[in-house]
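Open the model in your viewer and keep the sequence panel beside it. We will go stop by stop, selecting as we go.

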Amino acid sequence: MGTTDFRTAINEALDEELARDERVIFFGEDVAAPGGVFAVSGGLQEKYGSDRDFDTPISELAITGAA
């Protein structure tokens, strides 16, 4: 059994859940196009579209309101 780094495990888990249920969305600060600050969400916006994976303003209040 090989090893998986933490970043890859997070990306695989997000990908799995987005694929499993079309109602799942993923949003936050710098999580879409750039792949996130730690590159954990790379490729998800391209795969699932900007309706399901998108960036929010850098504002906790805006993120809460979006939820």
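One definition comes before the first click: a residue is buried under 20% relative accessible area, exposed over 50%, and partly exposed in between (1.4 Å probe, protein chains only). This is a predicted model, where local features need pLDDT of at least 70 and side-chain atom pairs count only at pLDDT 80 or more, while totals for chains, interfaces and linings use all residues. Residues are numbered from 1 along each chain as its sequence is written, and side-chain values use heavy atoms, with hydrogens and water left out.

**Stop 1: the whole chain**

Show the protein chain as a cartoon. Its secondary structure comes to 3 helices and 2 strands. Helices (H or I, at least four residues) and strands (E, at least two) are DSSP runs, numbered from the N terminus. Follow the chain along the sequence and you read α-β-α-β-α. Along the principal axes, the C-alpha trace spans about 45 × 25 × 20 Å. What share of the 67 residues counts as buried? The value is 25%.

**Stop 2: salt bridges**

Side chains of opposite charge can pair when their charged atoms come close. A salt bridge is a side-chain nitrogen of Lys or Arg within 4 Å of a carboxyl oxygen of Asp or Glu. The structure holds 3 of these bridges.

Select R20 and E17. Their side chains meet in a salt bridge, at 2.7 Å from N to O. Both residues lie in helix 1, 3 residues apart, which is about one turn of the helix. Is R20 buried or exposed? R20 has a relative accessible area of 56%, so it is exposed. E17 has 32%, so it is partly exposed.

Next, select R23 and D21. This pair also forms a salt bridge, and the closest N and O atoms are 2.9 Å apart. Compare the two ends. R23 is exposed, with a relative accessible area of 70%. D21 counts as buried, at 13% relative accessibility.

Now select K47 and D15. Here the closest N and O atoms of the salt bridge are 3.1 Å apart. K47 lies in helix 2 and D15 in helix 1 (residues 6-20), so the pair ties together parts that are 32 residues apart in sequence. K47 counts as exposed because its relative accessibility is 53%.

**Stop 3: two rings**

A pair of aromatic rings is described by the distance of the centres and the angle of the planes. Rings of Phe, Tyr and Trp (its six-membered ring) pair if their centres lie within 6.5 Å; planes under 30 degrees apart count as stacked, over 60 as edge-to-face and the rest as tilted.

How many aromatic pairs does the structure hold? It holds 1. Select F27 and F54. Their ring centres are 5.2 Å apart and their planes are at 5°, so the pair is stacked. F27 sits in strand 1 (residues 26-28) and F54 in strand 2 (residues 53-55), so the pair ties together parts that are 27 residues apart in sequence. F54 counts as partly exposed, at 25% relative accessibility.

**Stop 4: the loop between strand 1 and helix 2**

Start with D30. It lies in the loop between strand 1 and helix 2 (44-48). D30 is partly exposed, with a relative accessible area of 37%.

Go on to A39, in the loop between strand 1 and helix 2. A39 is not a glycine, yet its phi is positive, about 60°. With a relative accessible area of 40%, A39 is partly exposed.

Select A32, found in that loop too. Is A32 buried or exposed? At 3% relative accessibility, A32 counts as buried. A32 and T56 are 24 residues apart in sequence, and 9.1 Å apart in space, C-alpha to C-alpha.

Finish the loop at G43. G43 counts as partly exposed, at 41% relative accessibility.

**Stop 5: the last selection**

Switch to the surface. Select E60, which has its place in helix 3 (residues 60-66). E60 counts as exposed, at 58% relative accessibility.
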